[in-house]
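Here's a quick briefing on a protein model, sorted by topic. Have a look at the structure first, then read on.

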Amino acid sequence: MDFDTIAAIATAPGEAGIGIIRISGKDAIEIGDKIFKNKKQLSLKECEERKLNYGYIFDPKNGQKVDEVLAVYIKAPYTYTREDIVEINCHGGIIPVRRILEIVLENGARLAERGEFTKRAFLNGRIDLSQAEAVMDLISAKTDTSFNVSLNQLEGSISNEVKKLQNVLLSMLAHVEASIDFPEDDVEDLTYETLKEQGSFVLEKINKLLGTVYTGKILREGLKTVILGKPNVGKSSLLNAILRENRAIVTDIPGTTRDIIEEYVNIKGVPLKIIDTAGIRQTEDIVEKLGVDKAKELLGEADLVIAVFDTSKELTEEDYYIIDLIKDKTTIVLLNKSDLPSKIDEIDIKEHLPDKRIIHTSISKNEGIDKLEDIIEEMFLSSEVKITDSIIITNVRHRDQLLKAKSNIEDALNSLESNMPLDCIEVDIKGCWENLGEITGDTVGEDIIDKIFSEFCIGK
């Protein structure tokens, strides 16, 4: 495809050793030629391709030297975008990076839109849509595990699986077309049996992919974990202990935490989006009451609840209220302050919460935190879906398309069982093929493409 030339800063803003300006398009090398000279006063085109060339960026308007840089050019089609690319490595401060970008834009390029480099890689056929989305997942990965899953997707793990299913569906469509076009060959009974066998295979594979969605959600977004309890039971101390830093203010005054505190943490490969909430209690303080209401709201959205109880005090009405709130949630119960004489009957807790894991902790002495982390790992990494699986669905859009494809193939199989006409069955098979095609971009609309790439950072 023929595009204009774009440019953007490809490194994060701020002070660093190196900043990178990326230029892509048919005029990229010409623009690089106008603004770069090496130590021997050679232009970029006179330097060797694919090698970093030491020199300077000059402003063509006045010949002023702007920065000392390393520049490289790579000719299409063997680049990320399959277009000519120039990359300039300059000093990583805000001023030099911004100044060089301004000169690039003044000399024929335009500022790239969000994700436009990767969008061009997709539109030029270098990668498909699921691989393009994996690029963003790689950048935002919060653990080694989620990084590896995204890397597998970038290498085509999902694309290959989808294409295999689409090939089976094309075979099914070919059988249908043959039976409709050549009814005199009397192959209809054979066609129905073949379609049932192939359709069942497709359904089984789609169900297997959908079975990885929950694990994928955890890897992509983090396990939404809410710390719940009365005031002063050790919730904020627990947050600090898990993060290994003093993130939340801890005092002996009940109601210190009034707002929601959110942090990401990696616990043995499980990314947690951990949320410290206001203590659950009846209060007349308007601000604290808002915090309590927010805590209850977040409880409904939580994947995991860590409920903290103070063993040095007897259970109160507020404790029993919290127990009622967490009965139907995936919960780990912490009986905190176990270094003090206990006034809580653990049997009473077990009677009210028979299916919950219970841990004795002394958060102030850092006792029980390791056991909590072990249980989190065991609960969410010992499921049927192993994190080491090469194909895990981490993208909500992919999940939605798989659900639509599943509905299509189920309708086709039901129609086959009812001996419906083949032309009716063909509609559902084709719908399944198209919905799977939206994952890789084979059948996707322009509006969806624009939406996907609008969520990227500008330099990618």
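Let's start with Ala134, which is found in helix α4 (residues 129-140); helices here are DSSP runs of H or I with at least four residues, strands are runs of E with at least two, and both are numbered from the N terminus. This is a predicted model, where local features need pLDDT of at least 70 and side-chain atom pairs count only at pLDDT 80 or more, while totals for chains, interfaces and linings use all residues. Residues are numbered from 1 along each chain as its sequence is written, and side-chain values use heavy atoms, with hydrogens and water left out.

**Around Ala134**
- Ala134 is buried, at a relative accessible area of 0% (buried is under 20%, exposed over 50%, partly exposed in between, with a 1.4 Å probe and protein chains only).
- Its C-alpha atom is separated by 9.0 Å from that of Glu155, 21 residues apart along the chain.

**Salt bridges**
- The whole structure has 27 salt bridges (a side-chain nitrogen of Lys or Arg within 4 Å of a carboxyl oxygen of Asp or Glu).
- One of them pairs Glu30 with Lys45, with the closest N and O atoms 2.8 Å apart.
- Glu30 lies in helix α1 and Lys45 in the loop between β3 and β4, so this pair ties together parts that are 15 residues apart in sequence.
- Asp303 forms a salt bridge with Lys217, at 3.2 Å between the closest N and O atoms.
- Asp303 counts as buried at 14% relative accessibility, whereas Lys217 counts as partly exposed at 30%.
- Asp4, Glu83, Arg110, Glu116 and Arg120 are linked in a salt-bridge network.
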